[in-house]
Amino acid sequence: MNDNLSIKEIIEETKAYNCMQCAKCTSICPISRVDERFSPRLIAEKVLLGFDEVFKEKELWTCLTCAACNEKCPSGVDYTRFIRELRARAQKMGEMGTCAHGGAIQSIMRTMSNPNLSQNRLQWLSKDMKIASKGKILYFVGCLPYFDIIFEDIGVNPLKIARSAIRIFNHLGIEPVLMKDERCCGHDLLWSGDVENFEKLAKINIELIKETGAELVITTCPECYRTLKLDYSEYLGEQDFEIIHLSEFLSDLIEKGELEFDKAYQLDSNVTYQDPCRLGRHLGVYDQPRKIIDKIPGMRFSELESNREGSVCCGSSCWINCGQSSKEIQIEKLREAKSTADLLITACPKCQIHLKCAMVDKTGKGPKIDLEIEDLTVLTARALGYLI
Ligand code: SF4
Ligand code: SF4
Ligand code: SF4
């Protein structure tokens, strides 16, 4: 439990005391690039000087926690954790960012933190999909069933990712465990400062996972991945199950010659790939998605100009403070992808949601960018012959 760090402890634990005000963070920050009033250096300075106003300012909630600055900071400041801990303190002072979608998503997450409620979230499965209730390999679906309904109007179908994952597992002869009462992993509550409800969600999920006997938990969402792997351990102690992203699982099978693609299902396309912040900079998974793309017949791959450690965030994080800066970052990203390929491959359901949102401009004033965006899991299932 570390939900109540003092300012002094936050500065110590994140090494913010090393900050020498060089502003390398500001120079790399995607928000600062489109909004010159936003300065991560200045936030650090205010905290180090003991200015409490930082808790009342919107900048605290505007940071994407994308970790681009962590990569560049010469003093080793863990800036993303710095922001996360400051937000936890701010929440205790009654402060909060502006929730996107009227706070509906936060409400759903908090509702799921009630242990006395139960869900049946497996109704999207079709009869021929084989799953188990106990076993060694568990597929952690995440909030895809909720997102499927909430974001229907912007043309995303996040459950396609879950259906594709099941097809791939079954193709490999695996009947993965699915939990009918799985809860939100708690990522967005944690990163917006609501540690109390994050911990409630984490405890329920840990108990549910233990009951299944799972030894390996596989996710298709980098945020679930980061949360289960790093944050559950940090807040609730080491867990006795391993957690990986599906791209790691599949690239390992490809390497061992246990997963092969048939040219009969070749996907003929010029493609590029968006490194999600959580999968890439937070967890260091860069090669595995590329290895899968490389093996899928018919895919001609080109890197985005901003890639791997230098990838730019999709512009929105934990459903707070999504505004003009987010839109500008997203439009720039879409333009970059459009000039690189016909199909942008994502490996994070939320990257796809945020980027497609930017393409559906309901005011009619924004630029029209027509680009195909699809998740790597869906493309992998298609390349194995499943029409999803
Ligand atoms: S890059 Fe690091 S040392 Fe430089 S201003 Fe930012 S936090 Fe401080
Ligand atoms: S984490 Fe990302 S958005 Fe936040 S200050 Fe650093 S570079 Fe900017
Ligand atoms: S970019 Fe994402 S957070 Fe912002 S309005 Fe669109 S879907 Fe919501």
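Predicted model: local features only at pLDDT ≥ 70, side-chain atom pairs only at ≥ 80, totals over all residues.

Visitor: Is arginine 167 buried or exposed?

Guide: The term buried applies under 20% relative accessible area. Arginine 167 has a relative accessible area of 18%, so the residue is classed as buried.

Visitor: Which parts of the chain does the salt bridge between aspartate 275 and arginine 290 tie together?

Guide: The two side chains meet at 2.7 Å, N to O, and both residues are buried. They are 15 residues apart in sequence. Because of where each residue lies, the pair ties the loop between β4 (269–273) and α15 (278–282) to helix α16 (residues 287–295).

Visitor: How many residues apart are arginine 33 and glutamate 332, which form a salt bridge?

Guide: The closest N and O atoms of this pair are 2.8 Å apart. Arginine 33 is partly exposed at 46% relative accessibility, and glutamate 332 is also partly exposed, at 40%. Arginine 33 belongs to helix α3 (residues 30–34) and glutamate 332 to helix α17, so that, with distant parts of the chain linked, the separation is 299 residues.

Visitor: Which residues are joined into one network by salt bridges that share partners?

Guide: The count of salt bridges comes to 30. Those that share partners join one network, made up of Glu13, Arg81, Arg84, Glu85, Arg226, Asp231 and Glu234.

Visitor: Which element gives the largest share of the shell around ligand 3?

Guide: The shell consists of His101, Phe151, Ser316, Trp319, Cys322, Lys327, Gln330, Ile353, His354 and Cys357. Its residues divide into five nonpolar, four polar and one charged. The elements that give two or more residues are α17 (324–338) and α18 (349–359). The largest share, three residues, comes from α18.

Visitor: How many residues around ligand 1 are nonpolar?

Guide: Ligand 1 is surrounded by Cys19, Met20, Gln21, Cys22, Ala23, Lys24, Cys25, Arg41, Cys73, Pro74, Ser75 and Val77. Two of these residues are polar and two are charged, and the nonpolar ones number eight.

Visitor: Which residues of the largest nonpolar core touch the most other members?

Guide: This core has 102 residues. Leaving aside neighbours within four places in sequence, tryptophan 124 is in contact with Val141, Pro145, Leu159, Ala162, Arg163, Ile166 and Leu178. Apart from this core lies another of 14 residues, among them Met112, Cys143, Cys184 and Leu189. In the largest core, those touching the most other members are Phe82, Trp124, Tyr139, Phe249 and Ile345.

Visitor: What distance separates the centres of domain 1 and domain 2?

Guide: The domain assignment gives domain 1 (7–92), domain 2 (100–252) and domain 3 (257–383). The contact between domain 1 and domain 2 takes nine residues from domain 1 and eleven residues from domain 2. Taken over C-alpha atoms, the centres of these two domains are separated by 30 Å.

Note on methods:
Residues numbered from 1 in each chain as written. Chains lettered and ligands numbered in written order. Heavy atoms only, no water. Near = heavy atom within 4 Å. Helix = DSSP H or I, 4+ residues; strand = E, 2+ residues; numbered from the N terminus. Nonpolar A, V, L, I, M, F, W, Y, C, P; charged D, E, K, R; others polar. Salt bridge = Lys/Arg side-chain N within 4 Å of Asp/Glu carboxyl O. Buried < 20%, exposed > 50% of the residue type's maximum accessible area, 1.4 Å probe, protein only. Core = buried A, V, L, I, M, F, W, Y, C linked by side-chain atoms within 4.5 Å. Contact = heavy atoms within 4.5 Å. Domains from an automatic or database assignment.
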